[in-house]
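Reader: I would like to learn how to read a model of several chains, feature by feature, with the general idea given before each case. Could we begin once the model is in view?

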Amino acid sequence: MNWLLALPILLPLLVACVTTMLLRRRSAQRVVSLVGMVGQLAAAIALLVTVYQQGIVAVQAGGYAAPFGITLVADLLAAIMVLLAAMKGTAVVIYSGASIDREREAFGYHPLLHILMMGVCGAFLTGDIFNLYVFFEVLLMSSFVLLTLGGERGQVEGAIKYVTLNLLSSAIFLAGAGLLYGVTGTLNMADLAVKLPAADQPALATILSMMFLVAFGIKAAIFPLFFWLPASYHTPPAAVSAIFAGLLTKVGVYAIIRVFTLIFVHDIGFTHNLILALSALTMVTGVLGAAVQNEFRRILSFHIVSQIGYMIMGLGMMATLAQSDSEATRAAVGLGLGATVFYIAHHIVVKTNLFLISGVVERLQGTGRLQALGGFYRAWPGLSLLFLVPAMSLAGLPPLSGFWAKFALVKAGLQMEQYAIVAVALVVGLLTLFSMTKIWAAVFWSPAPPQSPMDADSAEYRRAQQGVGMMLAPIVALACVTIALGLAIGPIFEVAMQAGEQLMTPQLYIDAVSPQSAESHQGAE
Amino acid sequence: MKSIILRSATRYLFPIIALFSIFLMLRGHDEPGGGFIGGLLGATCFALYALAYDVATARRMLRVEEHQLIGIGLLFAAVAGALGLVVGDPFLSTYWTSEFPVPALGQVKLGTPLLFDSGVYLTVVGVVLMIIFALAEE
Amino acid sequence: MEVVLAVVIGSLYGAGLYLLMRRSLIKLVIGLALLSQAANLLIFTAAGLRSSQAPLIPKGAAAPLGEVADPLPQALILTAIVIGFGVIAFTLALFHTAYMRLGIDDVDQMQATDT
């Protein structure tokens, strides 16, 4: 138990130490990095199996009892996210073996990747709100450096906006955590869930919830706080874009879900309806922004925003609990939350895959602009079919994972009679399909433009082709995961539904962290 | 800055500041101090060398490269936290030996927080020196 | 005392946000630094100003004698200061690189990566 919860944080740290000391030796770094990431994947699988069988597991770091010590706690949502992060990390490490240049590796690309992984897994597994801040900062700092490593013009410009807005979010988060401590006297999330209602200051609690929504919203890129994302995500190399796209915003979404299902549930009518409205606006602005772009990765960056809207839609639909607390509503809310968990899982895989494919395309043809690309279907038919899998999954075509995720969200919405948001979700799905077919038509289906390096069969084209085999391996693996998620939907959705159930009942979380305090609270009443 | 006063002063100040930084680190558990401030001071004495002479001389004084200091420091901290896992206790558990007398120092206790703090010290020295050397070389 | 501190924190936040919205890069960095200092002071004030005795237990005792300051917000602020130090160092290096690479000090003109 102690090993399981500490390993996803400890292992990337150790790998980062070792790779830092091996900075001059490129191949040794890559081997250690890959071995470490595969070990992380194994640890994540072990964690998920344990949490699925035993329920929520918690351990006190340093042996200090809750609520004074820091708890490391894994419920199903956290375990699923750790597994997805490890899967994605493995794919990106294999991909970056072929695509990251020597200079970036000499300046610490691999250690930074593992520190990023440590920050992400730490944020998922911690049960203390200030520890969450610290892990957010770890992950933020390493993402800053990864974004600017290489120092190209676009990277530096994008980084200015990324850094400024994310530092603003950190300052607001810190202030919110400090105020939360001032109101309740504790920082442990399970204890906060008990002490915040007991403090009986509903107005202050709502203000704090809005502060946290803004802080996590900037990280998660919801409307109107997402404008740093399209300005910066398309600038670094494709492997870095891929790791950002699938992971960083999802940590923000995880934090929103955790805080708004566990701690700030006193005023669901206001807070969650606001989240619902924001999710609709996020979906619409994201997909409309993508429709006007003409570059492969910029379109994908806007789509991240739009899909984030879907993820918090499931959380926002919890607002119906304010109107009616019936059994049917609770079941529908559980379905909505389970659908959200599955949506996050499906989206991480699909988005990583799309960014990796865009990296391959840009490497082969040297540019990302849609007008300058073309002819891939004739030259690389396998890659074109591999693009179709995540693209159609993103748009929501059966039998891929995206269809089931959207279907579950829509069904939950209809059961809760939230017709407006369901209509928005369906329309945005159509517009997503439009975007994906636009990319397909421009990049893969249309004939190659006159000056394309592919037709010329030049020396640089042959050089670009050399590493592509290793870059294609993780793309194939992720496409298989998407297809598997779609075909084996029964058992996988079962796990997601259980995760949703755990989110609906915060008492399970509180009991897992400090069983004796829960009993003493009941005894005192 | 090629000033003879600064150079001579640096040569005498270097061991004093270095010893003071280690003193601050060792003191940190029961009194104000700690790994972070000790590391900052430790980096200061090398930075002083970089100012008085040049970065290459300071690097020679340091003997190891800064990024290796960071790696070693983090490794110490991670090992100090992981020691508990081997025995079966939670992550970051602390273990202390009993007090034993050392001739010149009196009663001395050793423990995993000391290892952790030394890791923090080395990491901070590495980070600050990396920043200072990079900025000074530009 | 809290009123004075609240006014100070408010003015720090105000100054920080005002500077954050200026066009010059240097003012942006100063604004970020002021924001993080304001957040630190906010933690300090929100946790309650009880006493100024150091939260240490004398040798042989089991509990602190008399009323001591709360050690937890001190630890929070220390962590936040350390994080802020690293972040400001990186931000300064980044903005210096941006100025060298792009040749302009005006945020409004850096729109090449925007939509």
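Predicted model: local features only at pLDDT ≥ 70, side-chain atom pairs only at ≥ 80, totals over all residues.

Reader: What percentage of the residues of chain B count as buried?

Author: A residue is buried if 20 or more other C-beta atoms, placed from the backbone, lie within 10 Å of its own, exposed if 12 or fewer, and partly exposed in between. By that criterion, 37% of the 138 residues of chain B are buried.

Reader: Where does helix H4 of chain B bend?

Author: The bend at a residue is the angle between axes fitted to the seven residues ending there and the seven starting there, and for H4(B) this angle is about 30° at Gly81(B). The helix covers residues 66–87, 22 residues in total, and reaches 33 Å from its first C-alpha to its last, close to the 32 Å expected at 1.5 Å a residue, where the expected span is 1.5 Å times one less than the number of residues. Just after H4(B) comes Gly88(B), with a positive phi of about 115°.

Reader: At what angle do helices H2 and H3 of chain B pack?

Author: Axes are lines fitted to C-alpha atoms, for helices over the stretch in contact, and angles run from 0 to 180 degrees between N-to-C directions. On this basis H2(B), residues 35–52, and H3(B), residues 55–62, pack at about 145° with their axes 7 Å apart. Two residues are in contact if their C-beta atoms, placed from the backbone, lie within 7 Å; among the residues making this contact are Phe46(B) and Tyr49(B) of H2(B) and Met61(B) and Leu62(B) of H3(B).

Reader: Which helix gives the most to the side of chain A that touches chain C?

Author: The contact takes 30 residues from chain A and 29 residues from chain C. On the side of chain A, H7(A) gives the most, with 17 residues.

Reader: Which peptide bonds in chain A are cis?

Author: Most residues other than glycine have a negative phi, and most peptide bonds are trans. Here a cis peptide bond joins Phe223(A) and Pro224(A), with omega about -5°, and Pro224(A) is found in the loop between H9 and H10 of chain A. Another cis bond joins Pro398(A) and Pro399(A), also with omega about -5°.

Reader: Are Asp200(A) and Ala221(A) buried or exposed?

Author: Phi of Asp200(A) is near 60°, a positive value in a residue other than glycine, and this residue is exposed, with 9 other C-beta atoms within 10 Å. Phi of Ala221(A), likewise positive, is near 65°, but Ala221(A) counts as buried, with 27 C-beta neighbours inside 10 Å.

Notes: Residues numbered from 1 in each chain as written. Chains lettered and ligands numbered in written order. Helix = DSSP H or I, 4+ residues; strand = E, 2+ residues; numbered from the N terminus.
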